[in-house]
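Me: Please take a close look at one part of this model, the pairing of oppositely charged side chains, and explain it with the cut-offs spelled out.

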Amino acid sequence: MNHNEMGQKQPAFLLAQLGAHAAAEFTERVGVLKLTPADAGILRLLRVEVGLSQQELATKLQIHPSRLVAILDNLEKRSLVKRRAHPHDRRLYSVHLTKDGNEVLEKIGRVAREHQDALLSALSKEEREALAALLLKIADQQGLVRGVHPGYRQIGKLQVGR
């Protein structure tokens with residue numbers, strides 16, 4: 001097997017190659033909405049887990065709290081999220097989607113479905129389901145948090161290093 005053929009048959013390389021490609025494509029697609037993938041992920045998480053405190057959100061995303069504050073400030077300026085006094089602890093703020101945030105999240109959902117359909121167009125429905133099951137098995141074995149992109153950890157590291 002020559003050097004070029006080796007990368008073509010290595011699942012770890014293929015995952016990295018497709019992951020980088022998929023991330024770049026998604027970044028471009030949500031960029032049309034003037035959002036970053038990090039913004040989109042935070043909005044999605046706030047719909048799934050309503051009323052998380054900023055601290056809980058930072059912990060779930062494994063992002064440095066000061067970096068999260070900057071992202072939330074931007075989302076709040078755009079009226080996509082609102083901070084409210086936490087119902088059980090006045091020292092904390094809970095973060096909620098606004099009406100505009102929910103509307104933008106619907107657009108993100110459409111973009112994400114279009115992105116997934118374009119990315120997986122070579123596969124049948126059954127193949128997509130099999131691929132998803134295999135990838136989930138690997139993600140669980142690797143200790144990845146379901147529904148949370150590991151890229152948030154990098155955002156946190158970059159902020160801490162400044």
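**Salt bridges**

Reply: Arg146 has a relative accessible area of 56% and is therefore exposed, where exposed means over 50%, buried under 20% and partly exposed in between (1.4 Å probe, protein chains only). The model is predicted, so that local features need pLDDT of at least 70 and side-chain atom pairs count only at pLDDT 80 or more, while totals for chains, interfaces and linings use all residues. Residues are numbered from 1 along each chain as its sequence is written, and side-chain values use heavy atoms, leaving out hydrogens and water.

Arg146 meets Asp140 in a salt bridge with an N to O distance of 2.4 Å, the term requiring a side-chain nitrogen of Lys or Arg within 4 Å of a carboxyl oxygen of Asp or Glu; Asp140 itself is partly exposed at 34%. The structure holds eight salt bridges, and one of them joins Glu49 to Lys60, with the closest N and O atoms 3.4 Å apart. This pair links distant parts of the chain, since Glu49 lies in the loop between α3 (37-48) and α4 (54-61) and Lys60 in helix α4, 11 residues apart; helices are DSSP runs of H or I with at least four residues, numbered from the N terminus. Glu49 is partly exposed at 28%, as is Lys60 at 33%.

Lys99 and Glu103 form a salt bridge at 3.5 Å, N to O, and because they are four residues apart in helix α6 (residues 99-119), about one helical turn separates them. Lys99 is exposed at 65%, whereas Glu103 is partly exposed at 40%. Finally, Asp73, Glu76 and Arg83 are linked in a network of salt bridges.

Key:
Helices (H or I, at least four residues) and strands (E, at least two) are DSSP runs, numbered from the N terminus.
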